[in-house]
Amino acid sequence: MINLFINGQQRQFSATLSITQLLQELDLTGKRVAIELNGEIVPRSAHAVVTLSDADHLEIVVAVGGG
Amino acid sequence: MDSISIAGRTFNSRLLVGTGKYKDFQETRAAIDASGAQIVTVAIRRTNIGQDPNQPSLLDALPSKQFTYLPNTAGCYTAEDAIRTLRLARELLDGHDLVKLEVLGDPQSLYPNVVETLRAAEVLVKDGFKVMVYTSDDPIIAKQLEDIGCVAVMPLASLIGSGMGILNPWNLQIIIDRLKVPVIVDAGVGTASDAAIAMELGCDAVLMNTAIAQAHNPVLMASAMKKAVEAGREAFLAGRVPKKIYQASPSSPTSGLIGS
């Protein structure tokens, strides 16, 4: 069991997982998002190989309307 | 063609528009089409986890083939938050480096915090970003931002979303006269004449969001703004007559009058 902090909210997952797997879990596969893991950008090319650990902090962002 | 060059990229439209505060993406698209804008600002926000994954996205409504995105740092109050936001934007938009930096001072006035803005600009320029920077109408700060390497300096006309128009044309004029990079009035435009005045002063372009999006008819206002920016630009290039206080000058011949 691991706990992740995603966009400020704590969520539990049954086992460690890659960012690609996390995006699947969150229904975000194929969506245009950018990810920051513990303050560092994780490039899209590395999503499959970066494995998340307990207490990791993630920011998952999209583009929205703004001025 | 009277085009504008920003960071080596050429644009025919001198009107830049925001994508916030519209009813829906359909209205956003219709208004932006009517404005003729080629550069559109977008905000970067946390994704709403658990929302319907089939919801349309802003980037689908405004495809990158037709528009140049200008990701912003709206809502950031520190240099660090602004830098983080734009690094996320660069990743999100596949290495896109043209960005709008704004670091705000407080949520009531949304007035720029120029100290934090200068700090963020230094870091971002060194990191390879092409920074278009929102700032106050202080000519000294504007020059410092140019010296740091910002590709465009964007002083406010008045407070963001206030629609109060150009409050200090004299400061804007000093900035326009002193800077070599494009000067773009950003924030405070309320109606078409405000945009025309900015362009008549010699601004290179105008950036607006609320004036269009919150107008009673956004599409019609977008069209008005397009014309105002073009009219103001042409008037600037044409060179206006000097103002002559208390001195009239007839437009018709003074000789050949009947009965003379």
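In chain B, Lys100(B) lies over the face of Tyr134(B), at 5.6 Å from the ring centre; a charge is taken to sit over a ring if NZ of Lys or CZ of Arg is within 6 Å of the ring centre and within 35 degrees of the ring normal.

The structure is a predicted model, in which local features need pLDDT of at least 70 and side-chain atom pairs count only at pLDDT 80 or more, whereas totals for chains, interfaces and linings use all residues. Residues are numbered from 1 along each chain as its sequence is written, chains are lettered from A and ligands numbered from 1 in the order in which they are written, and side-chain values use heavy atoms, with hydrogens and water left out.

Over all chains, 19 salt bridges are present, a salt bridge being a side-chain nitrogen of Lys or Arg within 4 Å of a carboxyl oxygen of Asp or Glu. One of them joins Asp2(B) to Arg14(B), with an N to O distance of 3.1 Å. This pair links distant parts of the chain, 12 residues apart: Asp2(B) belongs to the segment before strand S1 (4-6) of chain B, and Arg14(B) to the loop between strand S2 (9-11) and strand S3 (15-17). Helices (H or I, at least four residues) and strands (E, at least two) are DSSP runs, numbered from the N terminus. Asp2(B) is partly exposed, at 30% relative accessible area, while Arg14(B) is buried, at 7%. Buried denotes under 20% relative accessible area, exposed over 50%, and partly exposed the range in between (1.4 Å probe, protein chains only).

A second salt bridge is formed by Asp97(B) and Arg9(B), at 2.7 Å from N to O. Because Asp97(B) lies in the loop between helix H3 (79-92) and strand S6 (98-101) of chain B and Arg9(B) in strand S2, the pair ties together parts 88 residues apart in sequence. Asp97(B) is buried, with a relative accessible area of 18%, and Arg9(B) is partly exposed, with 28%.

Within helix H4 (residues 114-126) of chain B, Arg119(B) and Glu116(B) are 3 residues apart and therefore separated by about one helical turn. Their salt bridge places the closest N and O atoms 3.0 Å apart. Arg119(B) is partly exposed at 39% relative accessibility, and Glu116(B) is buried at 15%. Elsewhere, salt bridges that share partners join Arg32(A), Arg44(A) and Asp94(B) into one network.
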